[in-house]
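Reader: Hi! Could you walk me through this structure?
Author: Happy to, just ask away.

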Amino acid sequence: MSAGIKKIAVAVVLALAAWFGSGALGFPHVFQAMFVAYVALGLAVFLLLDAPPMRRLSGWTAVAALVGFYLVLSAMYIGGASSWPQYDPEVEKGKIEKILKRKRAMALAEQRQVDTWLEQVRVLQDDSQTVMARLGRFAPATAVPEAPPKQGALTVVERGAEVYDLYECYNCHKIGGKGSVKKRGPILDNIGSFLTVNDIKRKIFDPTYLYAEGFEKEHKKGRMPDKYKDLMTDEEVQALATYLSTLKDPTAKTPKPVFVKSNVEHGFTVFGYVRDASGRALPGTEVRAMPQVKGGHGASGKTDEAGYYEIFLHMHNENAGATVEVSAQGAKKTFVADYDPNDTITRRQQSLDLTVAAPEG
Ligand code: HEC
């Protein structure tokens, strides 16, 4: 028996070494657990060696015992294997395919462009021959370069949701209750109320730009990957940030962002979306913001293709607490620019969406 205890002691030491050693080498937890499992398996084998010999079996009992042993072993093997995290190769292949599809479409568009140019050159050559032949008459080339293929029928916001999926932000973040089981990063359902599209873009490309309140430790440890600026195209990050900026669920527990790298400006930013009654975003819509104070300076902006606008107002410390009116196409809303003049950390900004009755002619 004491031999058994010695073996268990050795196994415990080995298991600890396997766990911490592989951890120090940077193996993910799944692998660490697997190494420990191997040690446990070895221990089981060595303990079996100590077991008293079995009664000798013969005839059909021996066959039945052998088959039974095989079945138990298979069940353990299959059960064990399927309890590890599973990756569906089809899902992964689908993701790669989506990324490649865009790159291919772009390459194809370039190829088409080159073909068009070659065609133009040919036409020009023909023309110059015509000119040579019939001096005095000149026929300019009129070929119009082909536009690159459209990005399917996705809206910018839909495309952004797709980018969020492709780059697996859900591994650490939750949206609509889906994603990161272990609360690695903040819930993003209300991020649009806090951050402008531009700030979201900057956070994605440079995670040190700001941090979510309550996640100081994770921020210091650099938990959010610093790789997206090398991986994402401008189109991808723009769509992703646009998508996230539409998430404005005030009941969600999205933590407030704290800016690390920027000073508070002596101004106030209003940002948000203009939509019609059916919820459709309205691009190219004029939006005006006007502080309701004596001598206040109004400012205006236009919504982009996703229906998003951003207006920078010149407001000074003494304007704190002023009411600001925001309007577009007859729709009006007000808010109180309620900032603390002594607070030099919190951004002076307000998210505000407008719904207009009917789009202009
Ligand atoms: C490995 C985990 C991880 C991944 C993957 C990740 N993030 Fe983060 N993210 C974090 C953590 C942790 C924080 C909080 C600490 C901080 O702000 O640095 C955070 C913070 C944020 C914030 C600020 C939230 C707030 O309330 O202020 C945004 C926005 C964000 N992430 C967007 C993204 C997007 C978009 C992606 C995918 C392209 C992504 N993250 C991928 C871990 C991750």
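Reader: Which domains does the protein have?
Author: The assignment, automatic or from a database, gives domain 1 (1–49), domain 2 (97–137), domain 3 (156–259) and domain 4 (268–356). Residues are numbered from 1 along each chain as its sequence is written. This is a predicted model, where local features need pLDDT of at least 70, side-chain atom pairs count only at pLDDT 80 or more, and totals for chains, interfaces and linings use all residues, while side-chain values use heavy atoms, leaving out hydrogens and water.

Reader: And what separates the centres of domain 1 and domain 2?
Author: Taken over C-alpha atoms, 66 Å.

Reader: New topic! Which strands pair with E6?
Author: Strand E7 (residues 299–302) joins E6 antiparallel through four bridges, and strand E9 (residues 322–328) also pairs antiparallel with E6 over four bridges. Strands here are DSSP runs (E, at least two residues) and helices are runs of H or I, at least four residues, numbered from the N terminus; pairing takes at least two DSSP bridges.

Reader: Which residues line the second largest pocket?
Author: There are 15, and Tyr-38, Leu-41, Met-76, Tyr-77 and Gly-80 lie nearest its centre. Helix H2 (29–50) and helix H3 (59–82) each give two or more residues to that lining. A pocket is an open set of points on a 1 Å grid over the protein atoms alone, where a 1.4 Å probe fits, with protein on both sides within 12 Å along at least five of seven lines; lining residues have an atom within 4 Å of a point.
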